[in-house]
Amino acid sequence: MTERRAGGHLTLPVGERDHVRGPSNAPVTLVEYGDYECPHCGRAYPIVKAVQGRVGNELRFVFRNFPLRESHPHAQRAAESAEAAGAQGRFWEMHDRLFERQFALDDEYLIEYAGDLGLDVERFRAELVGRVYEPRVREDFRSGVRSGVNGTPTFFINGVRYDGAWDEETLVAAIYALITPGKRA
Amino acid sequence: MTDTHRVATGALPVGTPAPDFTLGSAPGQTISLHDYRGRPVILAFYPADWSPVCGDQLTLYNEVLEEFARYGAQLLGVSVDGVWCHAEFAQRRNLHFPLLSDFEPKGEVSRRYGAYREGEGVSERALFVLDSDGIIRWSYVSPLSVNPGADGILQALEALAPQSTAT
C-alpha cells in the first residue's frame, strides 16, 4: 500500500539551543528554517519582522539554519557566522545584517560585519576558520529534514508545518487564528 | 466512453520485487537497477527537469545525500527527459547522484512502477525505497505540485536497518 502522509511536524522541539525572539510564554511560536543566501528567505525577512511587530508579545520567533550548500555557495559560512556571533550574544544582530546584505556574504564581509557589531573579531575569525559551528548548523539542517522541510523558507507554527502563503496578512491571520478569539490586530 | 487508459494504476505496493531496468544515465552510459543490489536504493520519479530552484525536490535531495549515505543508500532520479537534458540540469544544479532517462520507449519504466501519468506523458512524483534485496519497502506518491521532502525516505531507511544507523 502506498503511504499517505500528513504535513510535517517539528521533530526537534524549541528549546535552550535555539535562538529566540519574543517571550518564552508566548501562545504562538513561529519557527523558520532558512538560508541566508536564499532569495526567498531574503523576501521573507522583512515580512517576519513586520509580523513580529504586529503580533508583539504573543509571538515567539525562532530561526534555524537550512543552508542549501550546493545551490548557495555562501550559505553554510553565513550560517556559521551567525552562530559565531550568537556565541558572543549577538545572533540576531548578525542575522539581520546577513539578510540585509545577502549580496555580500564572502568571508571578508562576514568578518567586517563582526567588527561592525562590536564582536571580538579575532575570536570570530578563528571560530569561522576552525568551522566551530559547522556541527551545530548541520544539526539544524538535519532536524529540518526530519521535520519535513522541503525548501527554504519553511515555517512551522506551533510545531506544525505551515504550507500556506507567507505574505504578511496571511501569516498574521494564521497566527491570530491560534490566539484566544477576540484578540485581533 | 471513459478514457480508461488515463486511470491511475497506483504505485507498486510494498513487498513487491522492484522491476529491474537499464536506463541511460549520461550520453553513452547506462545504469541498471541490479548494479545496486546489496544496498538500499531510493528511486525518485519526478515529472521534469528544470523546476524552480529553492523549493525543488532534487535540489533538496542533493543536500541530503550525506544523510542517505549514513544508511548506505543510493539515490536514483528518474524522469522522461533525455540524457542531454539531464546532463545540463545536473551540471547547473551541482547534482551528485544519477538522473536516469525513461526516454525510449517513453515512460516504460515509470509505467512498470505504476508511476506514469498517461494524459500528461510524464512520471509521477513518486518515491520508492528498496531494501538491499531489491524489494520495495516504502512508496509514496506526492501530488505533482508538492515537494514531498525527505523525511519519509529517511524514516523508511531507518526502518530497514536500524542497527546501521550512524550517530
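Residues are numbered from 1 along each chain as its sequence is written, and chains are lettered from A, and ligands numbered from 1, in the order in which they are written. In this predicted model local features need pLDDT of at least 70, side-chain atom pairs count only at pLDDT 80 or more, and totals for chains, interfaces and linings use all residues, while side-chain values use heavy atoms, with hydrogens and water left out.

**View 1. The interface of chain A and chain B.** Chain B contributes 31 residues and chain A 26 residues to the contact (heavy atoms within 4.5 Å). Together the two chains bury about 2,400 Å², 44% of it on carbon and sulfur atoms; buried area is the accessible area (1.4 Å probe) that two parts lose on being put together, summed over both. Five salt bridges are counted between chain B and chain A, a salt bridge being a side-chain nitrogen of Lys or Arg within 4 Å of a carboxyl oxygen of Asp or Glu. A salt bridge joins the side chains of A:Arg69 and B:Glu66, at 3.3 Å from N to O. On the side of chain B that touches chain A, the elements giving two or more residues are α1 (57–69), β9 (136–142) and α4 (151–160) of chain B. Of these, α1(B) gives the most, with seven residues. Helices (H or I, at least four residues) and strands (E, at least two) are DSSP runs, numbered from the N terminus.

**View 2. The open sheet of chain A.** Five strands with mixed pairing are arranged in the order β1-β3-β2-β4-β5; two strands pair if DSSP finds at least two bridges between them. The edges are formed by β1 (19–21) and β5 (160–162) of chain A, each with a single partner strand, so one side of each has no neighbour in the sheet. Direction ignored, neighbouring strands are turned by 30° against each other on average. Within the sheet, β2 (residues 28–34) and β3 (residues 59–65) of chain A are paired in the parallel sense over seven bridges, and A:Thr29 stands opposite A:Arg60 in β3(A). Helix α6 (residues 134–147) of chain A lies across β1, β2, β3 and β4 (154–157) of chain A and runs at about 110° to β3(A). Axes are lines fitted to C-alpha atoms, for helices over the stretch in contact, and angles run from 0 to 180 degrees between N-to-C directions.

View 3. Most residues other than glycine have a negative phi, and most peptide bonds are trans. A:Arg131 has a positive phi near 55° and is found in the loop between α5 (121–129) and α6 of chain A.

**View 4. A hairpin in chain B.** Strands β1 (residues 22–26) and β2 (residues 29–32) of chain B pair in the antiparallel sense over four bridges. B:Ala26 has B:Gln29 in β2(B) as its bridge partner. Two residues lie between the strands of this hairpin, where B:Gly28 takes a positive phi near 80°.

**View 5. A salt bridge within chain A.** The closest N and O atoms of A:Arg97 and A:Asp116 are 2.9 Å apart. This pair links helix α3 (residues 91–100) of chain A, which holds A:Arg97, to helix α4 (residues 107–116) of chain A, which holds A:Asp116, 19 residues apart.
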